[in-house]
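Reader: I am new to this structure and would like a close look at a single part of it. Please take one part slowly, and then show me what surrounds it.

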Amino acid sequence: MAYDWNFSIVLHYLPKILEGGVKTLALAGSSIAIAAPVGVLLGIVRHQRVPFLRVLAVIYIDFFRTSVALVLICWCYYALPVLIGVNLSTFTAVTIAISLQSSAYMAELTRAGLQSISVGQWEAGRALGMPGRTRLRYIILPQAVRRMIPVFFLLIIEIAKTTTLAGVVTYPEIVYEAYRVATEIYRPIETFTIVGAVCFIFLFTASRIALYLERRFAVVER
Amino acid sequence: MNEVLRLEGLTKSYGNVPVLKGIDLTVRRGETVCLIGASGSGKSTLLRCVNFLGYPTSGRIFLEGKLVGREITDRSGTKLVKYREAELCSVRAHVGMVFQQFNLFPHMTAEENVMIAPIKIRGLTKSQARDLAAVHLKKVGILEKARSYPGQLSGGQQQRVAIARALAMEPAIMLFDEATSALDPELVGEVLLAMRQLAQDGTTMLVVTHELGFAYNVAHRVAFLHEGTIHEEGTPEEVLVKPCKSRTQDFLRGHTTFRMPEPKL
């Protein structure tokens, strides 16, 4: 069966798709901006066995990392406003949903990073008279963060992909926009080919940046 | 006040397993004391108690004449020593430690490794710390590697940087925990030489070592540990050449790398 490919008509709608792309980036960016610091804090609390707080962190992490993103998004959009009595924009609701889940991932990534640093490093700092916080900040975290870079970018890419679920609550991200274009012009094959290409360019660039950073900050190990 | 470190009745148990069974030991200013003994005799455990990387189960530790911690008597009349973390931090800042595995900070240059604690703990400025680092790196003969990262240095060079790092805190006493045991044989010499130089400069040192030649040539006193007690203690001549106790004799007989008489350097 010969299919009559026609990209020219889709290219006509490209600005619309790119607009969706920008919305996707905004969503991913704000989610990362919240999830990364919150996750690092949670990871430290869990790793450092901070009394009481640690229990809360463990509950939070285990609950949200096993949650389903699509369910969280729907729940934050429909149920959360009922509970807190404030109407949320789709952008805010989805940002909250993705941040909740991604911060749990980030927390585990942080814990893994901290655990990968040998006990000897903690001891060396301790033997120099450094209190725990000083050791964490100047000795352990700088090393852990370097080791976390590759997986951190993997997480960023995952977050970017998760944002494409935001369409279910009508947030106009790239896939949602593409779907609308596709139904309008009856060209789903070309439309989604182009969406695929746009996404690939973004994410591939991100992964290259990750690789660069990883090499740039690599610690010479013997 | 001549005495830098005094241990009184120090014990340490891991669960029900006693590792140290009452250690009494004094190290005076400018003195080098070597701890020798078989693996598992408690040498490293003893050293780690001195700067509280491990907490003693009972007994008292005096640093420069002052009891570390606060002594209390519990309801049953037993005397206990309570420790506060803040006090222990300041004790550790006054006790230098060199580890078997060097434990340099791999993300910092040699110089930065030496500078970090003086800046963060002693409150020196960066430029003061840099000058201090230069002094101590020079002392261990490795100033030309100041800008290198640990990963670019040989084991012997790394260990000398670690010594400089501990010295930069200007500690009252330096502890060496088998500082040469992780090194390739051809690198042992340069580290021992640096340690010997320190001893001759009058640094107070407590050295756990398997290098009996070093103990013989450098130590003022040698203590032989056996099953958690100091079994025999005295001058190198007394302990290593004419040991009185049969355990010490057995240990020395088993030591293939050390044959008396070792040439006096």
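What do the buried residues of H6(A) pack against?

Author: This is a predicted model. The buried residues of H6(A) pack against H7 of chain A, and also against helix H2 (85-93) and strand S8 (95-98) of chain B. The buried residues in question are Ala124(A), Gly125(A), Arg126(A) and Ala127(A). After H6(A) comes Gly129(A), which has a positive phi, near 90 degrees.

Chain A has 9 helices and 0 strands, and its pattern along the sequence reads α-α-α-α-α-α-α-α-α. The C-alpha atoms of chain A fill a box of roughly 70 × 50 × 30 Å along the principal axes. Of the 222 residues in chain A, 38% are buried. If one takes the contacts in chain A between residues at least 6 apart in sequence, 77% of them join residues at least 24 apart.

One helix pair in chain A can be described in detail. Helix H2 (residues 14-48) and helix H8 (residues 174-185) of chain A have axes that come within 7 Å and cross at roughly 160 degrees. Because of that angle, H2(A) is roughly antiparallel to H8(A). Their crossing is right-handed. H2(A) brings Lys16(A), Ile17(A), Glu19(A), Gly20(A), Gly21(A) and Thr24(A) to the contact, and H8(A) brings Ile174(A), Tyr176(A), Glu177(A), Ala178(A) and Val181(A). Sorted by class, this contact of H2(A) with H8(A) has 5 nonpolar, 3 polar and 3 charged residues.

Chain B has a helix pair to set beside it. Helix H3 (residues 110-120) and helix H5 (residues 155-167) of chain B have axes 8 Å apart and pack at an angle of about 25 degrees. That angle is why H3(B) is roughly parallel to H5(B). H3(B) passes H5(B) in a right-handed crossing. Here Ala110(B), Asn113(B) and Val114(B) of H3(B) meet Val161(B), Ala164(B) and Arg165(B) of H5(B). The classes in this contact of H3(B) with H5(B) are 4 nonpolar, 1 polar and 1 charged.

The strand S8 that H6(A) packs against in chain B is followed up next. Asn103(B) lies in the loop between S8 and H3 of chain B. Asn103(B) is not a glycine, yet has a positive phi of about 55 degrees. Asn103(B) counts as buried because it has 24 C-beta neighbours inside 10 Å. Another positive phi in a residue other than glycine belongs to Glu64(B), near 50 degrees. Glu64(B) is placed in the loop between strand S4 (58-63) and strand S5 (66-67) of chain B. With 13 other C-beta atoms within 10 Å, Glu64(B) is partly exposed.

The largest nonpolar core takes in residues of chain A and chain B. Among its 134 residues, those that touch the most other members are Ile73(A), Val98(B), Leu175(B), Leu206(B) and Ala215(B). Helix H5 (residues 90-115) of chain A gives the largest share of this core, 11 residues. Beyond its neighbours within four places in sequence, Leu175(B) is in contact with Leu47(B), Val50(B), Asn51(B), Val95(B), Gly96(B), Met97(B), Val98(B) and Leu206(B).

Val208(B) is a further residue to look at in chain B. Val208(B) sits in strand S10 (residues 205-208) of chain B. Val208(B) is buried, with 23 other C-beta atoms within 10 Å. Neighbours within four places in sequence aside, Val208(B) is in contact with Leu35(B), Lys43(B), Ser44(B), Leu47(B), Phe176(B), Asp177(B) and Glu178(B). Val208(B) and Leu53(B) are 155 residues apart along the chain, and their C-alpha atoms are separated by 15 Å.

Definitions and conventions. Residues are numbered from 1 along each chain as its sequence is written. Chains are lettered from A and ligands numbered from 1 in the order in which they are written. This is a predicted model: local features need pLDDT of at least 70, side-chain atom pairs count only at pLDDT 80 or more; totals for chains, interfaces and linings use all residues. A nonpolar core is a set of buried Ala, Val, Leu, Ile, Met, Phe, Trp, Tyr and Cys residues joined through C-beta atoms within 7 Å. A residue is buried if 20 or more other C-beta atoms lie within 10 Å of its own, exposed if 12 or fewer, and partly exposed in between; C-beta atoms are placed from the backbone. Helices (H or I, at least four residues) and strands (E, at least two) are DSSP runs, numbered from the N terminus. Two residues are in contact if their C-beta atoms, placed from the backbone, lie within 7 Å. Axes are lines fitted to C-alpha atoms, for helices over the stretch in contact, and angles run from 0 to 180 degrees between N-to-C directions. Angles under 35 degrees count as roughly parallel, over 145 as roughly antiparallel, 65 to 115 as roughly perpendicular and the rest as oblique. A crossing is left-handed if the near helix is turned anticlockwise from the far one by less than a right angle, and right-handed if clockwise. Ala, Val, Leu, Ile, Met, Phe, Trp, Tyr, Cys and Pro count as nonpolar, Asp, Glu, Lys and Arg as charged, and the others, Gly among them, as polar.
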